[in-house]
Amino acid sequence: MAHYLSLADYHFTDTAEDIRGADLFGENEERLGKVKDVIFDHQTGEVRYLIVDTGKRRVAVPADYIFRAVADVDAFRVDMTREQLERLPEFKDEYLENEQRWSEFHARQEESLKKWREEMEHKYKE
């Protein structure tokens, strides 16, 4: 298992960009939430997930599903509706504390993302 960490309370220097606090928009420019944290691979430094506060709970959105918003360079987009985002399992910091918790969360996450991918395939086949 890769060793994942979050930025948590880390503060960047003035020259580094901190994306925490950025808005996340979905389909139809709907605001889905705010980026609250970043999960990265400790060995490679690669960002793996953005932790998004939806106003109801926090979810982990894979970084490779997210891209910069065109209209607002300080925001991000994901090709999901609010309903699809809300189907992602709730993320809790304690999932990063041990391999079993992370594996269980990751399995639930993958099942939710599989459903989303199937919906996207169906949408684009029409």
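**Exercise 1. Find what the side chain of T54 holds on to in this predicted model, starting from the backbone nitrogen of K56, which lies 3.3 Å from a polar atom of that side chain.**

Step 1: T54 sits in the loop between β4 (47-53) and β5 (58-62).

Step 2: Look for a side-chain partner. The side chains of T54 and E86 are joined by a polar contact of 3.2 Å.

Step 3: List the wider surroundings. Skipping neighbours within four places in sequence, T54 touches L32, G33, V59, R82, L85 and E86.

**Exercise 2. Decide whether T54 is buried or exposed.**

Step 1: Get the relative accessible area, which is 11% for T54.

Step 2: Apply the cut-off: buried means under 20%. T54 therefore counts as buried, because its value is 11%.

**Exercise 3. Describe helix α2, from its start to its buried residues.**

Step 1: Check the start. Here a side-chain oxygen of N98 comes to within 3.1 Å of the backbone nitrogen of Q100.

Step 2: Check the length. Helix α2 covers residues 99-125, and its 27 residues reach 38 Å from first C-alpha to last, close to the 39 Å expected.

Step 3: Pick out the buried residues: W102, F105, Q109, S112, L113, W116 and M120.

Step 4: Think about the spacing. Residues three or four places apart in an α-helix point the same way, because there are 3.6 residues a turn.

**Exercise 4. Work out the order of strands and helices along the chain.**

Step 1: Count the elements; there are two helices and seven strands.

Step 2: Read along the sequence, and the pattern comes out as β-β-β-β-β-β-β-α-α.

Key:
Residues numbered from 1 in each chain as written. Predicted model: local features only at pLDDT ≥ 70, side-chain atom pairs only at ≥ 80, totals over all residues. Heavy atoms only, no water. Helix = DSSP H or I, 4+ residues; strand = E, 2+ residues; numbered from the N terminus. Expected span 1.5 Å × (residues − 1). Buried < 20%, exposed > 50% of the residue type's maximum accessible area, 1.4 Å probe, protein only. Polar contact = N/O pair within 3.5 Å; in protein donor to acceptor, adjacent residues only side chain to side chain. Contact = heavy atoms within 4.5 Å.
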